[in-house]
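Welcome! Here is a friendly tour of one protein model, to read alongside its sequence and 3D view.

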Amino acid sequence: MTPLLTGVRVVDITSIVLGPFAGQVLADLGADVIKVEPLEGELARAVYPVSPDGMGAMFANNNRNKKTLALNLKSEAGKEVLRKLVASANVLLHNMRVDAITRLGFGFEAVKAINPRIIYCSAIGFGQDGPYRDRPAYDDVIQAASGLAMLPAHVGGTPAYVPSVVADKVASLYAVYGVLAAVAAQARGLIEAVDVEVPMFESLVGFLLNEHLAAATFSAEPKGAGYHRLFSPDRKPYRTKDGWVAALPYTGDQWRRLLAEIGRDDVAAEPWFQNAGERSRRVSELYAVLGAAVAERSTADWLETFARLDVPFSKVNDLDDLLADPHLNAVGFFEPGALAEAGIARTLRQPVVFRGAPSAPDQPAARVGADTDAVLAGLGYSKDDIAALAASGAVGRAGEGDDE
């Protein structure tokens, strides 16, 4: 944890990955993130694989460094607790449909009435100004809607989902920068309350079309999208004699060194090769030449060759290869630190490094309701008040109503 957001309180009413990932990044940066869950805990706690004590890996990897408060938001007493919590907060982060959270009594205007300086962040499926505003949305649906699932068809395959919840995570990162921008603007006196809308659909479309808008950038016609280099059938991992490697010569000098290495100076001598624009247009020909050469040597040989030629390269890793990767282990990417006490053998630290900033030990994702008493006490509830709320079913406490 790098406590740069100390003093910023975030109420995190999110579940699964969209939202929880954003809340974890803010918590890793030192924000006081209070995760509000139903009494039984949110669904990700039960998603396989699950630890022996009942903690789902997905939950553990998206909810460290947070406090957890179990609330029954169907009860008036539970809603009153949330209202008091919102009054104490700087940020409210949710991933419910807008109409649903509004019916619950915690839409932007209602929350603004409670806290006139609230930064209200909605991580939702679709922007509220368009006709898709009320559609339910999960990652697979957004991959399809955004065009991501169709990209394999441009290189001879069939539509397919990326085997990662990429839409959730991309939108979560947009939510993080939206919240941070609002925190900075508020600190400079530029805004009071603000409604930060982060739709998954628009987030992933913007992420993909950054390069794929291509020729459509210069035309009013609804056509011309697609970055041709990425659609080359020869842009792929290259098979060696005994495995796979990736290489991406990009500049003219990188291509010249590589072509000389494989005895194809004739290609480098072509008139079209001398022009960067023509090299870009005919890049598939260059990829085909490289692929044919790679097949003639071993993976180890090529890794040494690419390093010697200063051409960007990598072996093609599988997921388990990453766990033993020498670079990732050298930078401590998986080291559990204080989380080891909670049975965590490996974690994923934030990739951003703040050199010269303070640090603090990470805290593991907590059991359902583990911090209910402490959070309520901080809001002014007495021990008797807390006991009464628990007895009424308005709040949950660790060990009550959970499977962990």
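Which residues lie nearest the centre of the second largest pocket? They are Met-1, Thr-2, Arg-349, Gln-350 and Val-352, from a lining of 28 residues.

## About the model

This is a predicted model, in which local features need pLDDT of at least 70 and side-chain atom pairs count only at pLDDT 80 or more, while totals for chains, interfaces and linings use all residues. Residues are numbered from 1 along each chain as its sequence is written, and side-chain values use heavy atoms, with hydrogens and water left out.

## The sheet

Let's look at the open sheet, where seven strands follow the order S6-S5-S4-S1-S2-S3-S10 with mixed pairing. Strands are DSSP runs of E with at least two residues, helices are runs of H or I with at least four, and both are numbered from the N terminus; two strands pair if DSSP finds at least two bridges between them. Strand S6 (194–199) and strand S10 (395–396) are at the edges with a single partner strand each, so one side of each has no neighbour in the sheet.

Helix H8 (residues 200–212) packs on this sheet and touches strand S5 (119–124) and S6, contact being heavy atoms within 4.5 Å. The direction of H8 makes about 65° with that of S6; axes are lines fitted to C-alpha atoms, for helices over the stretch in contact, and angles between N-to-C directions run from 0 to 180 degrees.

## Strand S1

Strand S1 (residues 9–13) runs parallel to strand S4 (residues 91–94), joined by four bridges, and Asp-12 sits opposite Leu-93 in S4. S1 also pairs in the parallel sense with strand S2 (residues 32–37) over four bridges; here Arg-9 faces Asp-32.

Five of the five residues of S1 are buried, that is, under 20% relative accessible area with a 1.4 Å probe and protein chains only. Arg-9, Val-11 and Ile-13 point one way, and Val-10 and Asp-12 the other.

## The pockets

A pocket is an open set of points on a 1 Å grid over the protein atoms alone, where a 1.4 Å probe fits, with protein on both sides within 12 Å along at least five of seven lines; lining residues have an atom within 4 Å of a point. The largest pocket has a volume of about 1500 Å³. Among its 43 lining residues, Ala-57, Asn-61, Arg-346, Thr-347 and Leu-348 are the closest to its centre. Helix H14 gives the most to this lining, with four residues.

The second largest pocket holds about 630 Å³ of space, a volume being the space filled by probe spheres set on the points. H1 and helix H7 (166–187) each supply at least two residues of its lining.

Key. Buried < 20%, exposed > 50% of the residue type's maximum accessible area, 1.4 Å probe, protein only.
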